[in-house]
Amino acid sequence: MKNIVLIGFMGTGKTSTGKVLAQRLGKAFIDLDSRIEETYGETIPQMFATKGESYFRQCEKEMVKKVSQRSNAIISTGGGTIKDAENVAALRERGIIVCLTARPEVILERTERKGERPVLDGADAGDRLQAIRDLLAEREKYYGQADLAIDTSESSPLQVVERIVHALKSRGEIHG
């Protein structure tokens, strides 16, 4: 059974949707960021602060290689995981890539607290909404690699899950 890999910008609901989707389909749930924090013994903001983004991206790449070998799992990735072509190839090898999207204003509401989103916090020069728009524009080509895109702006995780399941069933990717 193929993995379902959730990609998308921070605040689009990858973790909350992933947990519900895993439960709905009876699959294991793997949150890539949580797995990195557990393995390396630091939070992602700590990694960024003490060792830098390049160190974090290397840890992320190693974790992608490891979790992409699984099957029958729901994998929730970090917002920038798909900026690396090797990560995309590894995740796609055994998985269907689903991009969760949301309007910039919704993302702003969901990511207001500073200190938890190092990439966004670093890009935020006083106008967080503009920082979100800029990062979304920069990542648009990466998110466009998904097999399926679902807008989560006006939906609960359960509603998003039902839309994913319906779309994957109609494509013949999942059964039952």
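Asn-72 sits in the loop between α4 and β3, where helices (H or I, at least four residues) and strands (E, at least two) are DSSP runs, numbered from the N terminus. Phi of Asn-72 is near 60°, a positive value in a residue other than glycine. Most residues other than glycine have a negative phi. Asn-72 is partly exposed, at a relative accessible area of 30%; buried means under 20% relative accessible area, exposed over 50%, and partly exposed in between (1.4 Å probe, protein chains only).

This is a predicted model, so a few ground rules apply: local features need pLDDT of at least 70, side-chain atom pairs count only at pLDDT 80 or more, and totals for chains, interfaces and linings use all residues. Residues are numbered from 1 along each chain as its sequence is written, and side-chain values use heavy atoms, with hydrogens and water left out.

**Helix α3 and its partners**

- Helix α3 covers residues 44-51 and helix α4 covers residues 53-67; their axes come within 7 Å and cross at roughly 130°. An axis here is a line fitted to C-alpha atoms, for helices over the stretch in contact, and angles run from 0 to 180 degrees between N-to-C directions.
- For angles, under 35 degrees counts as roughly parallel, over 145 as roughly antiparallel, 65 to 115 as roughly perpendicular and the rest as oblique.
- On the α3 side, the contact is made by Ile-44, Met-47, Phe-48 and Lys-51, while α4 brings Glu-53, Tyr-55, Phe-56, Arg-57 and Cys-59. Contact means heavy atoms within 4.5 Å.
- Sorted by class, the contact of α3 with α4 has six nonpolar, no polar and three charged residues. Ala, Val, Leu, Ile, Met, Phe, Trp, Tyr, Cys and Pro count as nonpolar, Asp, Glu, Lys and Arg as charged, and the others, Gly among them, as polar.
- Helix α2 (residues 32-40) also meets α3: their axes come within 9 Å and cross at roughly 60°. This makes α2 oblique to α3.
- From α2, Asp-33, Ile-36, Glu-37 and Tyr-40 meet Ile-44, Pro-45 and Met-47 in α3. The residues of the contact of α2 with α3 split into five nonpolar, no polar and two charged.

**Aromatic residues**

- There is one aromatic pair in the structure. Phe-48 and Phe-56 form this pair, which is tilted, with 5.2 Å centre to centre and 40° between the planes.
- To count as a pair, rings of Phe, Tyr and Trp (its six-membered ring) need centres within 6.5 Å; planes under 30 degrees apart are stacked, over 60 edge-to-face and the rest tilted.
- Phe-48 counts as buried because its relative accessibility is 16%. Phe-56 counts as buried too, at 4% relative accessibility.
- Tyr-55 belongs to helix α4 and is partly exposed, with a relative accessible area of 28%.
- Not counting residues up to four places away in sequence, Tyr-55 touches Tyr-40, Glu-42 and Met-47.
- Tyr-55 and Glu-173 are 118 residues apart along the chain, and their C-alpha atoms are separated by 35 Å.

**Cysteines**

- A search of the whole structure turns up zero disulfides; the test is a pair of cysteine sulfur atoms within 2.5 Å.
- Cys-59 is buried, with a relative accessible area of 3%, and Cys-99 is buried at 2%.

**Buried residues in loops and a strand**

- Thr-81 lies in the loop between β3 (73-76) and α5 (85-93), and at 0% relative accessibility Thr-81 counts as buried.
- Leaving aside neighbours within four places in sequence, Thr-81 is in contact with Leu-32, Arg-57, Glu-60, Val-64, Asn-87 and Leu-91. Thr-81 and Leu-32 are 49 residues apart along the chain, with their C-alpha atoms separated by 9.2 Å.
- Thr-152 is in the loop between β5 (148-151) and α9 (157-170). Thr-152 counts as buried, at 2% relative accessibility.
- With neighbours within four places in sequence left aside, the contacts of Thr-152 are Thr-12, Leu-100, Thr-101, Ala-102, Arg-110 and Val-160.
- Asp-31 is part of strand β2 (residues 28-31) and counts as buried, at 12% relative accessibility.
- Asp-31 touches Thr-15 and Ser-76, not counting residues up to four places away in sequence. The C-alpha atoms of Asp-31 and Lys-14, 17 residues apart along the chain, are separated by 8.7 Å.
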